[in-house]
Structures are given as structure tokens and as C-alpha cells.
Amino acid sequence: MAEDIQNKVEIPREVPVLPLKGGVVFPNLMVPLVVTTPSSQKLIDDALASKRIVAAVTQKKEDIENPGPDDLYSAGTACMILKMLRTPDGNMRVLVQGLERVKIVKYTKTEPYLVAEVLVIKEEERESVEIEALKHNILSMFQEIVKNSPYLPDEFITVALNIKEAGKLADFIASYMNIKTEEKQEILEAFDPEERLKKLLPILSRELEVIKLSTKIQQQVKSELDKGQREYILREQLKAIQRELGIKDEREAEISELREKIEAAGMPEEVKKVALKELDRFSKIPPGSPEYTVSRTYLEWLVELPWSVETEDNLDLRRAENILKEDHYDLEKVRDRILEFLAVRKLKKDTKGPILCFVGPPGVGKTSLGKSIARALGRKFVRMSLGGIRDEAEIRGHRRTYIGALPGRIIQGIKQAGSKNPVFMLDEIDKVGMDFRGDPQAALLEVLDPEQNREFVDHYLDVPFDLSRVLFIATANITATIPPALLDRMEVLELPGYIDEEKLFIARGYLIPRQIKENGLEELDISFTNTAILKIIREYTREAGVRNLERNIASVLRKIAKDYAMGNLKENKIRIGVKEIEKYLGPPQFYSEVKERKGEPGVVTGLAWTPTGGDILFIEALKMPGGKRLILTGQLGDVMKESAEAALSLARSLAGELGIDPKFYEKYDIHIHVPAGAIPKDGPSAGIAMFTALVSLLTGEAVDPELAMTGEITLRGKVMPVGGIKEKVIAAKRAGIKRVILPRWNEKDLGEIPKHIRKGLDFIYVDNVRDVLRAVFGNKLKRKKGGKRKRG
């Protein structure tokens, strides 16, 4: 019928143009259209009143309501309107018959609708081997697509097989395929039948692949659903069989076991309610659900925490004292504090655990002391390193909404200990950081507050846990980096550095026996002479603690172990003296600057406090021709530079009184240097040392190298108190200093220093710089009243 209409109808040169949205009309095919715009409806009315011929041309973009000539493709299809029906919503339904391809030559009218001059493209059918091969391939693929596609009826295969002309076959298949409008337009614009088949072939190949893949996915999904259904039915049948036999299934057994654990855990009532509620929720979650594992893990954490388990304290004070003495030398304050706790615990059973903070330089035994305390009390020991922690969740845990969430390190430590009253060591509390994830130190405020930690809530558990029975011990090298609010919650116990005699005792009593055992040398009779140990202390280490000392002793013993293992030892009795130390450890690494230095004008020994303990420093002053210039070197901080300027001003103001040329500053430049220039230095405590160095330089009088001093000066010549006296005195003792000048206000601080450290040191207390000069130079300079001298 289509061919009959084609043959009878003559297409005029000018035809009205009907814009199409999202579709293409091909020749020889009937297509229903919906016409909505007033201009297109008028076009249909006028066309029905005349020859019924229109050109159906597709729009380039679908979102344009009234397209112009530039919005349409240049090729379309001349169609005859067969039927028209108006619908109640005001639209028209039109059935058109495609006649021939037309090419738009030019538009002759744009109002009230588009009219164009068209060129009719007559199609010439030809036969060739290549066209037959293309037809064969396209028909094969189309059959596969129809078989596997739900939107194409099987009758299309019969219709396609009966179409002999290549061009018409391509038009038929392209018209009914679910492909892009642009691809249909390309096929419409392919005026040569062979070219049209070539354009259609890759499109069909792609569509066939998509349909095959879609079918495969659907089959897999159906298979999984069938498998799941089958498993469900079998599982239900298994449950029924088990019920008949009186056997519990694995799931029920698991829930029953968790319920028993909750009952036996000794949880507080409110925590138990939360656990039972979560268990009820867990029992309703399918095992395949991601929530199943999350809920189970949470319940396991709840039941495994020691809610009511605690170790019994060993309240034998004598035994505890002996253990602390065995493990550590001369820590009276700490030992007394632990014994006080035990005494109170003996008298009052429900005593809260103290929160202690051991502050001292590295290597003095802060961490190992925590283990000894746990052993003395008979408690479990947990250590948590806080160094470098920046995330608040490390302390409080992550909320369960996060994947892989876990409780914080506090709760993890309690679970690890297996009791609710362990000794919990928070190591390096002064090195906690903070960033965008929160402030861990702020999170520790609740943990270390005896009034709050009774109901510590971890974000993961979301129920309160009682930490009041825990004995928390923090360690730090300095307190300056600990926030005041956190420091206020802890009882600070300072552990000072050791002097040489103490290190000698520690090496003999603790370090050497331990290293002999660790290096497997118990079979040998090994002994160190005192001079050998002191040589290691003075010439191979420079520290407040004993960590490097132990490291060097271990190095000596490892070399002996190597000789022993190789059979190079002639006898089992080995005595290690000074010569052997140099043989095993090489040349000395440090030397005593105090002993090496000789008294010369402009050089004074000062005392400094550092985070690793006390130390000595040398102030050197030099004058050179110039005028009114003060040079400061040695990486000095702003405060120390200001101390140097104040010392120079004070020296100039007292020049006449001290017999110094009052105009020295006009003739000379003054250079003050503090050696060890790679190390930054700051603070006001070197004030009197700088002043003394300047006076020594300008008067030409040398200062005794075995005299050290510390104190801040004012422009009025007053000597102000300074901090770190204990560490500075220990450093002086260690360096071989004989006399120490201190501000009178610091006399009270000597009470904290053990007598054996003060022994052999001559302490001179001063109020002003005149007292300092009198103590340093004696009768060599003019002076006023002397300072008070006290023999240690």
C-alpha cells in the first residue's frame, strides 16, 4: 500500500515543514505523531485542506518550542497525512505515511509556520556482493536483537526477511530500533543504500552487545534470588527439624551465649539495660546484613570489659617499700607517696586512685617506675604512649556510625588489663599534639579528674565506665607544654637527674647485672672497676639519666659476648678497667670543660636548666678597638640578649666604683659569646654571669673556673630568684664545680636537694651584684658588704 501511495502522489516543490521532537520519520513507514504547538496544528489544518503533503524534519534540540530554520536538520521525509484526531487536552494525534527523503533547499516562509523548497531524493536500488553481505549480517544481528529484546515483537523478523531492497531494510530496522535520534538522523541522511547499511551495522553490533550483557546480568540476578530463596527455605526446614529434635541452631546458641555473658559480666543496671536492648536488636538482624557484624562487635566489647573484676591490693607496706627499693635507687618522694596511698587504702577501702605525674629528664626511670609500682601493689600494669597523638578519638573512641569504629585507648587498655583497677601509665603526656580532629589533652581532662572519671563515657560504648579505681601515672620531661587545667588535675612529683656517684651506684646495683643477664654472660665472672664505670659516665655520656650509660655498658658486654662465643677468651674471670673501656668503646666522646679551662679574664661558668636536666654553660666576653657596639652570639633568645644589655649598662654605671675606665664603651666594642652555638639558649638566669664576665674582662681579673653562678639582675643591681635550682645544682656537682653563687631568695630551694648532692659544694647567697663581685674577686676589687656564705 505504501508503494501504491508513493507512486500516485507527486510531491510539490514547496511543502510546509513539520518540526519533530526526538524522533525521525523514515520513507515507506507509517508513524503516529502528537502535535502540540499552535503553529504546527495550523500547518496540519492547512495541509489537510490541500494536498496533505508535509515535510517531517527533526529538531536538533528538543527543548525549543518554536524552532526556526537553523534549529532543524537539513534533511527530512516527505509524508502524507493519513488521519488526524483532536484530543480533549487540545492536542492533535496525526498518522503520517513516509514517502521520500527530501533535502531542504531553502526556507520560503517562516510565518505562521515554516515552508521550504525541497529536493526529492530518488533512491536507486542496485545489487552487489558487498550489499548482499551487509544485508546478511544486518538481518542476522536484527534476528538476535528481536529474540533477546522485550520491546520488539517476533513478527518483525518475518517482515525484515521479506524486504528485498537494501535501503528499505535499513530504514525499517533503524525506525524500530531503540537508538539515539542523532544516529537515526545519520541513517536518514545517508542517501546511498550501501552507505546506509554500513552506518547501521556498527549501531546494531553495539545494541546486540548491550542486550546480551543486560540479559546476562538479569540471569545472574535471577540465579542469586533463586539461590537465596532456596537457602531460606532450607534454613527454615532445618530450624523446624532442629526444633523437633530439641537442638538449638547456631544463631540461637550465639544469642543465648551473649545473654549469659551479659548476666555474668556484673554490669551496672543502666549498662545492662543498654546491652539487653542491643542484644534484642541483634537477634532481629539477618546474618548477611553489614549491621550484624557492627552489633556483634559492640556486644562483645560490652561483655568483655571488667565491669566488676578488680585485683586485690597487697597492703603490706614493708613489702611494697622493699620492691620499690629493689627496682629503683633513691626515689624517696615517689616511694613515700605510694606508701602513703597504701596506708590510706588499708584504713579506708573505697579510696580513689591518685593521679600522679612524674616529671624529669629522659633516662631517670619514670616509665620503669610505673611497672615497679604495679608490682608493689599487686595490680595489672597498662602503658599507653601519648607521644604524637593528635586525634581526640584515640582517647574517647569513635562513634559507631563510622566504619571500623573502636573504643578509645583508655577503654582498650582497661580491657587488656582485665581488671577495673590497674596501674595505667600515660607516657609522654607533654608531647600530645592537636589538629582539626580535636584536642586529646582536653579529652584527658575527664579521664584524669577524680570527680568526673567515675562516669567516663567512651564515644563507642556510649555508656559510663568507672575509672575512679584506676591508678593513673603520667610521665613528662617538662610541664610547660601541659595545659594548666590538665596539670592542675595531677599531683606532680619531680624526678631529678643523677650525679656521678649515684650513677656509679645504679650501674653496679642495677645496670651491669641486668645487661650481663640480657647478653647471656651469667657463666662468666665479669666485674667493672669503679674508675672504669666513672670513665664511661664522664667521658662517654653526657646526660641527666642513665639510658646512655646502660647502652655503653651493653656495648662493652656485647663485645665480650662475641669473644666468648668465638672461643677467644682464655679465662672466665674478666675484670674491666680503664684500658678495656677505651679498647671496647674507642676514644672518649666528651671531656670536662671545667677541668680543661683555666681562669682567664672575661670567662665565667653559668648554670642552665634544659628539658633534659641541668647543664653548665660558659659566658665569654671580649673587648676590641671600636666604640659603642655590643655583639651577642651563640644563638641567644630575646630574653638572654636583654640580660646582656642590662649587664653592660650596670657595668658602665659601676665603672668608677670598680676602678674601670668610665669611657671604655667609647673606645671598645664588647662581644659576648656563649659557646655551643648550635643550641638555642634563652632565659634571664645568666644575668649575673654576664655581668661578672664583663667586670672580669674590664678589670683584667680572672674568675675561678670551679665557681658557677645563676641569677637574674636588675638595672639597680638587685639579684632576682630563678627556677630549676635543683637541676642546676646537680649539673654543677656533675661537672666538678666547687662553689655556687645563688640568689638569696633561692636558699629555700636547697631543702629539696639531698644532702649527698650538696656535700662538697660551697653555696654563696647574694642580694645584689656587689655581693657577687665580693664572692668572686674577694679583696681584689673595691666593694661594700659581703654576702652570706653557707657550706653544704
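Q: Where in this predicted model is Gln635 found?
A: In this predicted model, Gln635 is found in the loop between strand β18 (630-633) and helix α23 (638-653). Its phi is near 55 degrees, a positive value in a residue other than glycine.

Q: Why is Gln635 called partly exposed?
A: The relative accessibility of Gln635 is 42%, and the term partly exposed covers what lies between the 20% limit for buried and the 50% limit for exposed; therefore Gln635 counts as partly exposed.

Q: What makes the backbone of Asn28 worth a remark, and where is Asn28 found?
A: Phi of Asn28 is near 75 degrees, a positive value in a residue other than glycine, and Asn28 is found in the loop between β1 (14-20) and β2 (30-35).

Q: Is the peptide bond from Glu111 to Pro112 cis or trans, and what is its omega?
A: The bond from Glu111 to Pro112 is cis, with omega near -5 degrees, and Pro112 has its place in the loop between β5 (92-109) and β6 (115-121).

Q: Why does Gln515 count as buried?
A: Buried means under 20% relative accessible area, and Gln515 has 7% relative accessibility, so Gln515 counts as buried. Gln515 is found in helix α18 (residues 500-518) and, leaving aside its neighbours within four places in sequence, is in contact with Glu550, Ile553, Ala554 and Leu557.

Q: Why is Met84 placed in its accessibility class, and which residues are in contact with Met84?
A: Met84, in strand β4 (residues 75-86), has 29% relative accessibility and therefore counts as partly exposed, since buried would require a value under 20% and exposed a value over 50%. Leaving aside its neighbours within four places in sequence, Met84 is in contact with Ile44, Asp45, Leu48, Met92, Arg93 and Val94.

Q: How do you know that the side chains of Arg206 and Glu207 meet in a salt bridge?
A: The N to O distance between the side chains of Arg206 and Glu207 is 3.0 Å, and a salt bridge requires this distance to be within 4 Å, so the pair qualifies as a salt bridge. Arg206 counts as partly exposed at 35% relative accessibility, whereas Glu207 is buried, with a relative accessible area of 11%.

Q: What makes the salt bridge of Glu394 and Arg409 a link between distant parts of the chain?
A: The side chains of Glu394 and Arg409 meet at 3.2 Å, N to O, and the pair links Glu394 in helix α14 (residues 393-396) with Arg409 in helix α15 (residues 409-417), 15 residues apart. Glu394 is partly exposed, with a relative accessible area of 31%, and Arg409 counts as partly exposed at 29%.

Q: Why can the pair of Glu446 and Arg396 be said to tie parts together?
A: The side chains of Glu446 and Arg396 meet in a salt bridge (2.5 Å, N to O). Glu446 lies in helix α16 (residues 440-447) and Arg396 in helix α14, so the pair ties together parts that are 50 residues apart in sequence. Glu446 is buried, and so is Arg396.

Q: How many salt bridges does the structure hold, and which residues are linked in a network of salt bridges?
A: The structure holds 43 salt bridges, and Glu278, Arg281, Glu291 and Arg400 are linked in a network of them.

Conventions. Residues are numbered from 1 along each chain as its sequence is written. This is a predicted model: local features need pLDDT of at least 70, side-chain atom pairs count only at pLDDT 80 or more; totals for chains, interfaces and linings use all residues. Side-chain values use heavy atoms; hydrogens and water are left out. Helices (H or I, at least four residues) and strands (E, at least two) are DSSP runs, numbered from the N terminus. Buried means under 20% relative accessible area, exposed over 50%, partly exposed in between (1.4 Å probe, protein chains only). Contact means heavy atoms within 4.5 Å.
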